[in-house]
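Here's a friendly walk through the model shown below. Keep it open as you read, and take the parts one at a time.

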Amino acid sequence: MKPAPFEYIAPTTVEEALGHLTEHGYDAKVLAGGQSLIPMMNFRLAQPAVLVDLNKLAELSFIRSDKDGELRIGAMTRHYQVEHDDLVAEHAPLIHEAMPKIATPQIRSRGTFGGSIAHADPAAELTAICVALDGRFRCLSERGERWVPAKEFFLGMFTSALEPDEILVEIAIPPRAPRTGWALEEAVRRAIDFALVGVSAVVTLDAQDRCERARLVFLSVGDGPVETVKATEMLVGKEITPDLIRAAAEAVTAELDPSADIHASVKYRLHLARVLARRALEKAFARAAAPGTQAA
Amino acid sequence: MMAKLIGKRITRNEDPRLLTGQALFVDDVELPGMLHAAFLRSEYAHARLKGIDLSAALERPGVVAAFTAEDMGDDWSPGPPLVIPPPTIEDVEFYTRTQVPLVKDKVRHAGEPLAIVIAESRYIAEDALDDIVVDLEPLDVVTNIERALDPDSPLVHDDLESNIAAHLVQEKGDYAAIREGADKVIKRRIVIERGAAGAMENRGIVASWDIKQQQLTVWDTTQSPIPIRNGLASMFGLSEYQVRVIAPFVGGAFGPKIMMFYPEEVLLTWSTLKMGSPIKWIEDRRENFYATTQERGQVHEVELALTSDGRILGLRDDFLHDTGAYDPYGLTIPLNTQCHVLGPYEIPNFSSDLKVVFTNKTLTTPVRGAGRPQGVYVIERMLDIAARELGIDRVEIRKRNYLPNDVFPYDNVIIDQAFESFIIDSGDYLPAMEKALEMISYEKFTQEEQPKLREEGRRVGIGVVSFIETTGVGPYEGARVTIESSGKISVATGVGTQGQGHFTSFAQIVAERLGVDVRDVHLVTGDTAQFHWGTGTFASRGAVVAANAVNAAALIVRGKVLELASEALETPEEELEIEDGVVRVAKIPTRYISLGDLAQRSNPLRGAVEPGTEPGLEGTAYFGPKYGATAFGTHAMIVEVDPETMIVEIKRYIIVEDCGTILNPLIVEGQLHGGVALGIGNSFYEKLVFDDNGQLLNASFADYLIPTAAEIPTIEIAHQVTPSPLNPLGSKGVGEAGAIPVPALFAQAVENALDVEGLEILESPLSPQRLFELFHGEEKDA
Amino acid sequence: MSKAMDVTVTVNGEVYQKTIEPRLLLSDFIRHELNLSGTHVGCEQGVCGACTILFDGMPVRSCLMLAVQADGHEIRTVEDLGTMENLHPLQEAFQETHALQCGFCTSGFLMSILPVLEETTDLSEEDLKRALEGNLCRCTGYQHIRDAVQLAAEKMSSGGES
């Protein structure tokens, strides 16, 4: 399976890259890690006329945090760098936990944090996680810069809010509030597979051990990450008990509309969603309640 | 004292080359002026071909040629069938319909090749495929083997009255009569679905016609280079000596690489003969899912009649076997199924009505197991159900039905894949079962551990199944052993090697017989210029048939060595021994002559070679067993099922295997591990999913789930040795043994784990989705 | 048609300069432009891992990279690991434990395992998982490969690399 011919450009600055995208518009596709795009090109499912390779843009590869604990990750940062980074482990333990679950080590050598997000695969962990963490994405074009909140970024299957002349350059993850717990639960067939269903949970307890905030964001249940708001509303302001968690988990199915595929039916997916939601909430609340959840 | 090498755990001769990237695989062949081929394949599973326009493709720069069926003229013809029932078998309805080199009238499965493009690179060839304009008129598709028998079903072959490719009834005793007197009759329907072999190396061919030398050389990932050579020679009017087929290192085969003749083998050869350039075609992974054969699809209606104490009175197994769009492999797979449903058990009355059915899917030829797993699945499931309904322990019911040791050779009356009476040469089933039970601590688990775990809400289960495996069938293989003047030994045999370690296991035999280091034995397999009599590597026969030929040839050479050495050392043969590469007088070790010197002596540059003798120290021998040796064993497994997600984890896996005399335990273990891994894939991860239009929905490694290291447990193995009386080495095959009982074992263990009253698993493969439905009593999702 | 481009790549310590089409996959470049056929191609979709090589020291799927992307970078393939007469301890371990049968997936495994062992020979469960999870094998059932990794770790911790 060999790709169709294309024009190849490897700009050395972001400005250059943006210029090419402005010029070619829909004819151009951005090449980041290539771990999703190149297989599609090999299958000839994608046949871009122009490929703009971002791999020479060293300025887009970084991991920083500011004094408040907000995390900034450059879009071209490789997955393996995020996986082994101490700042990420400290400020976004949910991301840290997710990284080894993404594909395989070889994919993570090359695949990029921003690339995975921009690809907008509903089965990708990072899409759901960025929504759960209130992530924001900096999108750059020759027309200027804009920050798009994660929950407005994923418009459909493999469709993000990026315009053809825009590049995702940076991801910002807000600081973690004290007494915040997290979890990522997935049901997978083989260890390396995309999840049949997955859910990321981020919860915060107040000083009285009541739930101040709870978010459940699912992956592999629709065209993009899906947050079940009503189910988690049930938890806010309440003291967390196993029965309450169970009730919230049961309630998620009312907000989910998954499709069937060869691996799972709608019924089975909804069942998994309930099970995984319960497990994720249990784990997240346990972590929130554990002493010292400020630090990693 | 001569080292005993047969049976030793010797590391492999071929590894250094493979480990350092110095081994030749077909895609490594680079020839000057070599061109590259790609095939245009039908997107439709069933369609009438109205026309193909190659003109735009031919105009593309870099494209050298393109051909359709029409361009082949009189050279176009359906392939020769590989296995047809001989006329001696009565009452067999059989319709030979074989695959075609390029579609001429209609497409019968998705992926069937419509045209070949030959270009300067594979990249350009693929570009040119998009240039070709094809006019296909879609027809109604038939994919389900039961619906294929409906009177109004679309017909895969228009010249036949139905989609029945074959119909055969096999009987033993009188099932109908015995059924009347049975205390218990159990009836079930069992459905088994297709899987792929999934070798890591896809198929590939390089065909090169040298006009000046009038020589055709073909590198092919085939399991049977000699029949390919003979067939290509015949097909294209060449002498067999003009054709050389080389199967170099092959990256796994597992069955489908023995299918012949694939359209690509015919087209590459035809094209090179026409064009005079070497041409290469390497299958890509997407093609592999359509263009390489598959196996396992069957639907069984089974009935088991027993006494109240669990003794089998009779078995009736009527089933349909899916052959896909063509049936070049005849009845091989379903005959295997029929034989293996009898298992290691005494079944005095048996009836099996078999229908082979055409469907609009990729054709079916053997994949590791070749119909045996299905037979084992059927009988083992029926015994489990019988055990439950009769209130007998499942191990006990098997023990009560094992063939006793004094019945061998045991004639099962019905015919096997070789069209001979299915005879089991030897067996000793009880100890294998006992050993497996001991290794898995069956009693302790079922009496103590399992009840405790169940109380905790955990769904843990245990499975134990027995099985037989027919191996080592004829017709024959051959080998030639030569001692060279350097003292090194060279061996040639006709079988190919796709990872089975022949370069080592056969070398061990020769090394032992000729007293040399195993590293000094150089083997060639799979090159018709080196050896051109034989069939190939399939049906777990290498270690039996080829190994015995190697053994016989080595013994011939040993005889010549002793005779010549006796003369040279002026000592009677009985007083000589061969060791460390020399022949010496046993009592006077300083009197010796090296094998190399003997070889030189035997091939004089002056003097005379007596009439009736041969120069050199060389021997050629052939071995053809009377019938196949039957290996057997017991597998046991403990699994845990997450009751919420239905994900299954294998906690322990035990094999007790009896494959007769073992040539190299390291290699046997490897074969068993690999077989089980494929079996686990067959059981829980791998299923080829076709939609109603005959489209394969998971034609890629992303969705066709081959197990990774995380899914395969550590396997504990014990060996039992019941030598086969059918060959001098006493060996039986083991290549498929790992894969054969796994689906049956999985079903039993998972059923046991789920522990739900009335839940019966009667299908394979399973999946978390399917377990969810079974567990909750849900309808099967379409 | 796309313009041919010049690439300069260091492979196994040697510098190569070639003129190629941008769509040429790195796997094909290594195998057919450089004639280093030890790296094998199994799927061209990044799943099987047979094509794994080291790119600037990191294990990557060469079928998911374009050769032009290797311009100015360093690649290591299996040919750099050892020779038939002088096997790397990891290769020795594979032979001793019978961790290969057909050998087609082997170079991909070797190049995936090597960086893990070069990082640590005191392997945790996670390390072992990391070393093996990205490669498919259809022949061995993985058990002997697991044994090989353990054995190689022992060899490399005591004797260092050969």
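## Chain C from end to end

Starting at the N terminus, the elements of chain C follow the order β-β-α-β-β-β-α-α-α-α. That's five helices and five strands, where helices (H or I, at least four residues) and strands (E, at least two) are DSSP runs, numbered from the N terminus. Before going further, note that this is a predicted model: local features need pLDDT of at least 70, side-chain atom pairs count only at pLDDT 80 or more, and totals for chains, interfaces and linings use all residues. As for labels, residues are numbered from 1 along each chain as its sequence is written, while chains are lettered from A and ligands numbered from 1 in the order in which they are written.

How big is chain C along its principal axes? Its C-alpha trace spans about 50 × 30 × 30 Å. Of the 162 residues in chain C, 64% are buried. Here, buried means that 20 or more other C-beta atoms lie within 10 Å of a residue's own, exposed means 12 or fewer, and partly exposed is in between, with C-beta atoms placed from the backbone.

## Two domains in chain C

Chain C splits into domain 1 (5–79) and domain 2 (89–158), with bounds that come from an automatic or database domain assignment. Their C-alpha centres are 22 Å apart. Where they touch, domain 1 of chain C puts in 13 residues and domain 2 of chain C eleven residues; residues are in contact if their C-beta atoms, placed from the backbone, lie within 7 Å.

On the domain 1 side, strand S3 (residues 52–55) of chain C brings the largest share, three residues. That side has seven nonpolar, six polar and no charged residues. The classes work like this: Ala, Val, Leu, Ile, Met, Phe, Trp, Tyr, Cys and Pro count as nonpolar, Asp, Glu, Lys and Arg as charged, and the others, Gly among them, as polar.

## Where chain B meets chain A

Now for the contact between two chains: 24 residues of chain B touch 20 residues of chain A. On the chain B side, helix H4 (122–129) and helix H19 (768–775) each supply at least two residues. H4(B) gives the most, with four residues. Sorted by class, the chain B side comes to ten nonpolar, four polar and ten charged residues.

## A sheet and a helix in chain B

Chain B has an open sheet of seven strands with mixed pairing, in the order S3-S6-S1-S14-S11-S12-S13; strands pair if DSSP finds at least two bridges between them. Strand S3 (63–68) and strand S13 (243–246) of chain B are the edges, each with a single partner strand, so one side of each has no neighbour in the sheet. Further in, strand S1 (residues 35–41) and strand S14 (residues 279–282) of chain B run parallel and are joined by two bridges. B:His36 sits opposite B:Lys280 in S14(B).

Elsewhere in chain B, helix H12 (residues 429–439) has several buried residues, including B:Tyr429, B:Met433 and B:Leu437. Among the elements that cover the buried residues of H12(B) are helix H13 (442–455) and strand S21 (459–471) of chain B. Just after H12(B), B:Ser441 has a positive phi of about 55°.

## A look inside chain A

Is A:Ala10 buried or exposed? It counts as buried because it has 21 C-beta neighbours inside 10 Å. A:Ala10 lies in the loop between strand S1 (7–9) and helix H1 (14–24) of chain A. Setting aside neighbours within four places in sequence, A:Ala10 is in contact with A:Asp53 and A:Lys56. A:Lys56 is 46 residues away from A:Ala10 in sequence, but 6.8 Å away in space, C-alpha to C-alpha.

Chain A also has a hairpin to find. Strand S4 (residues 63–65) and strand S5 (residues 71–74) of chain A run antiparallel, joined by three bridges, and A:Ser65 stands opposite A:Leu71 in S5(A). The hairpin has five residues between the strands, and A:Gly69 takes a positive phi near 100°. S5(A) also runs antiparallel to strand S10 (residues 167–173) of chain A, with four bridges joining them. There, A:Arg72 has A:Ala172 in S10(A) as its bridge partner.
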